[in-house]
Amino acid sequence: MNALPIDLDLAWESLPALFDGLMVTVFLTALPLIIGLALAFPICFARMSPRRALALPAEIFVVFFRGAPLLILLYLVYYGLGQIEALRNGPFWIVFGSPFGCAIVALSLNHAAYMVEVLRGSLLAVPHGIVEASEALGITRRNIFLWVRMPLALRYGLKAYQNEVVSFVKGTAIVSVVTITDLMAVANSIFEQTYDPFTPILCAAAFYWAFVNLIRVGFTVWGRWLSRHNAEDAPLAIPAGQALQGLAGRAKVTP
Amino acid sequence: MTNLSLADLAGYLRQLGEGALITLELFFASFALAFVLGVLIGVATLSRSRLVRAAWRVYASIFMGVPSLLVIFLIFYGGSAMLAAVLGEFGARIDISPFGAGVAALGIVYSAYVAELVRGAIENLPKGQFEGARALAIPPFIMWGRVILPQVMRLALPGLVNVWSFMLKETPLVSLAGLQDLVAAAKIAAGATKEPFIFFVATALVFIAFSAASLWLANRLEERLDRGQRRAPVRSPAQAEA
């Protein structure tokens, strides 16, 4: 028996197909991340509004789309929305009629609900005194938000954002249930052709692992860049001895 | 509008109820496995040995960097071969059920998260707790069981609640390996009745209700575990007014 459960020839042959699958996964990550973030801002403002009529629907949105498992959301959008007559005849059927459109809608809604909470937590973490001081200086509300609250909130919330993005990437693995051939689906179809239970899935695992860790590294670099102004006391995470190294070689980043 | 008769509805509800029980069993079994494995791994990997630490980093990196669905498929498809490799002839005869594969996969994946929490909590404990136990000549086993871990649980509880609710939302994935759980039952009912909207929304609400109930319980538990930490409430004037 072969000690290594991986068939190297099969792995080499299936690389192009797996890479195509990875591209689909990347696409299904990137687009919902953008749409979800764009949706999260208005919903977050509504959620934080003192007016009950605005806050309550936003809260219900968050509870539903955060609490429901992604698989059920996907089924709901893919199978459930087709029931609605008006939607089937309306112009949006281009989106809801295709598996891709459904997956993107479900993933975006889910991501938006999580991001509302991330945003809200980060915005609430900004010390109130700073906002009051900015108001006292006569800075307009828009500018306070853009140049005072958001930059600070971004620093407070970066870790939570990273966690959400990483778990989101892993969540996209379910889109194969609506016939999209993402990385997971490609690995599954290779398994079904060859009955090799290890090679395709472990190769897909390597791709996922690389993608997730690339995102982690990206966030680490972004976080370093955001806190470059206090590089001396940045070593919150870095032990004192490595602080100098960290300053010298900022490009050297481990996940 | 709806084409459901009352008798049909009752039949589907019974199926959904059975599915929900399987989902619950799967969830509790996987969480228990993740918890026990996680605590053991968390305590074991605190050792100073470089090898152990390196092994922990690899383990955590792999299972935190890969979708749970992939691990479920890996164990479901490849589990028999793995068992055969480890246990020999005897292992090859064990059939992997979707339920077993799901429990093993979710348990292994989330044990990494639990271990991370436990490690963080142990490292945050004051050194004096260990030194005190040693000075009193408390045997290590009792020290871990009666002194360290109860405090660790208090510190790790918020994180464990997170893992709990995250894991709950991943249990439906096992239906993709063929487990007849709540989601599979909902899918069958939705297909047969042509009423997918109602069934999927209802299923989603079951999950939301369960996670809300468990959050409420977790808050009670947190209050209870914190009872040794509470100080007499100091009323500041501002709070008294509010």
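Colleague: How many residues does the contact take from chain B and from chain A?

Modeller: Contact means heavy atoms within 4.5 Å. Here chain B gives 35 residues and chain A gives 37 residues. This is a predicted model: local features need pLDDT of at least 70, side-chain atom pairs count only at pLDDT 80 or more, and totals for chains, interfaces and linings use all residues. Residues are numbered from 1 along each chain as its sequence is written, chains are lettered from A in the order in which they are written, and side-chain values use heavy atoms, with hydrogens and water left out.

Colleague: What area do chain B and chain A bury between them?

Modeller: Buried area is the accessible area (1.4 Å probe) that two parts lose on being put together, summed over both. Chain B and chain A bury about 3,200 Å², with 77% of it on carbon and sulfur atoms.

Colleague: How many residue pairs are in polar contact across the interface of chain B and chain A?

Modeller: A polar contact is a pair of N or O atoms within 3.5 Å; within protein, one must be able to donate a hydrogen and the other to accept it, and residues adjacent in sequence count only if both atoms are side-chain atoms. The rule finds six such residue pairs across this interface, both residues at pLDDT 80 or more.

Colleague: Is B:Ser175 buried or exposed?

Modeller: Buried means under 20% relative accessible area, exposed over 50%, partly exposed in between (1.4 Å probe, protein chains only). B:Ser175 is buried, at 12%. Its side chain reaches the backbone oxygen of B:Pro172 at 2.7 Å. Beyond neighbours within four places in sequence, B:Ser175 contacts A:Leu71, B:Asp181, B:Val183 and B:Ala184.
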